[in-house]
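This briefing is meant for a reader who is meeting the structure for the first time. Please look over the sequence and the model before going on to the points grouped below.

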Amino acid sequence: DGINFALPLLPATIDLTLGELTVTSNIYIAGPGARKLTVQRSQAAGTSDFRLFGIQFTGNAAPIPITIRGLSLKNGKTSSDGGAGFVYYQTTVQISHVAITANSATGSGGGIFNAGTLYLTRSLVNSNTAAGLFAGGIVNVGQATSIISNSTLTGNSGAQGGAMYNGGNLLLVNNTISHNSASSGGSSVKNDAMGTVRALNTIIGMDNPAVAASSLSGAFVSLGNNLVTDARNSTGFINGTNNDQVSDNNAINPRLGDLADNGGQTDTRALL
């Protein structure tokens, strides 16, 4: 079964006013494009705080394959974790061609808090904030798995892990993770002692120079061809090994452009 929303003239906005959208079954949410449709917590005065999506496990024998694509998620605000979305334990969500922007959490994960399985591809995670312990952009914890590919994570801020905090299994492929900030560790990515992070063909760094935290924190596994501008306080990236280019204190400049429309459904930082 399908439901088609009759949107007004594009670009369109769906304002949420009644609270979090809770997903408890197999569903495919497809928009006309991240530049054409925004789903947001209403910005009207007096709107209560709530996250946009709570993606929950229903008790089925297999994980729920939930898909969200072709829209922007904006202005989620929660007093707990996951401003735009919370992916619950034993739940699987696929997010593609989505812009996750300007969401916030008093706890952790201003953008997404993942305790299940998250596939994020061809998406933008931008300008999300967390006031708690972990990650303005994405938090991946416990037995959670996140596979992030062909995406841009930029302009996010938190205490530990500006763009990402990992305590589970994290794979990064073909991403740009830059211009984020953290107050105490890992402006781009912080990996704790229980987590595993593997990276391939990914640019990491050029973070906020006004913040003392290094771009990375913890142990990492290089799968090759990464460019890391600030490897202080981390292990696993060695200049010249696995075709990686690695420096400290942003000695290497990847020459990234401003966040802009360079084609595709979400903004990116062009290689100058």
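Which residue in E11 does Val87 stand opposite? Val87 stands opposite Asn114 in E11, and the strands concerned, E8 (residues 85–87) and E11 (residues 112–114), pair in the parallel sense over 3 bridges. The model is a predicted one, in which local features need pLDDT of at least 70 and side-chain atom pairs count only at pLDDT 80 or more, while totals for chains, interfaces and linings use all residues. Residues are numbered from 1 along each chain as its sequence is written, and side-chain values use heavy atoms, with hydrogens and water left out.

**Overall make-up**

- The secondary structure of the protein comes to 0 helices and 32 strands, where helices (H or I, at least four residues) and strands (E, at least two) are DSSP runs numbered from the N terminus.
- The radius of gyration of the protein is 18 Å, which agrees with the value near 19 Å that a compact globule of 272 residues would have; this radius is taken over C-alpha atoms, and the globule rule is 2.2 Å times the number of residues to the power 0.38.
- Taken along the principal axes, the box that the C-alpha atoms of the protein fill is roughly 55 × 40 × 35 Å.
- Of the 272 residues in the protein, 54% are buried, a word that stands for under 20% relative accessible area, with exposed meaning over 50% and partly exposed in between (1.4 Å probe, protein chains only).
- Among contacts between residues at least 6 apart in sequence, 73% join residues at least 24 apart, a contact being heavy atoms within 4.5 Å.
- The accessible surface of the protein comes to about 11,700 Å², and carbon and sulfur atoms account for 50% of that surface; the areas come from the Shrake-Rupley method with a 1.4 Å probe, and for residues only the protein chains shown count as cover.
- The mean positions of the 13 positive and 13 negative charges of the protein are 4 Å apart, with Lys and Arg counted as positive, Asp and Glu as negative, and His and the chain ends not counted. The place of a charge is taken as NZ of Lys, CZ of Arg, CG of Asp or CD of Glu.

**Strands and their partners**

- An open sheet of 9 strands, with parallel pairing, has the order E2-E5-E8-E11-E15-E19-E23-E26-E29; its edge strands are E2 (21–23) and E29 (234–235), each of which pairs on one side only. Two strands are said to pair if DSSP finds at least two bridges between them.
- Strand E12 (residues 117–121) pairs with strand E16 (residues 145–149) in the parallel sense over 5 bridges, and within this pairing Ser146 in E16 is the bridge partner of Leu118.
- E16 also pairs in the parallel sense, over 5 bridges, with strand E20 (residues 169–173), where Ser146 stands opposite Leu170 and Ile147 has Leu171 as its bridge partner.
- E20 is in turn joined by 5 bridges to strand E24 (residues 196–200), the two running parallel, and Asn169 stands opposite Thr196 in E24.
- Because 4 of the 5 residues of E20 are buried, E20 is largely enclosed by the rest of the structure.

**Backbone features to notice**

- Most residues other than glycine have a negative phi, and most peptide bonds are trans.
- The peptide bond from Leu10 to Pro11 is cis, with omega near 0 degrees, and Pro11 is found in the segment before strand E1 (12–16).
- Asn75, in the loop between strand E6 (65–74) and strand E7 (77–78), has a positive phi near 70 degrees and is buried, with a relative accessible area of 17%.
- Asn250, in the loop between strand E30 (245–246) and strand E31 (256–260), has a positive phi of about 60 degrees and is partly exposed, with a relative accessible area of 25%.

**Two individual residues**

- Gly46 lies in the loop between strand E4 (37–41) and strand E5 (53–55) and is exposed, with a relative accessible area of 81%.
- Lys190 lies in strand E23 (residues 189–191) and counts as buried at 16% relative accessibility; leaving aside residues up to four places away in sequence, Lys190 touches Gln160, Gly161, Met164, Tyr165, Asn166, Gly185 and Ser217.
- Lys190 and Met164 are 26 residues apart in sequence and 6.4 Å apart in space, C-alpha to C-alpha.
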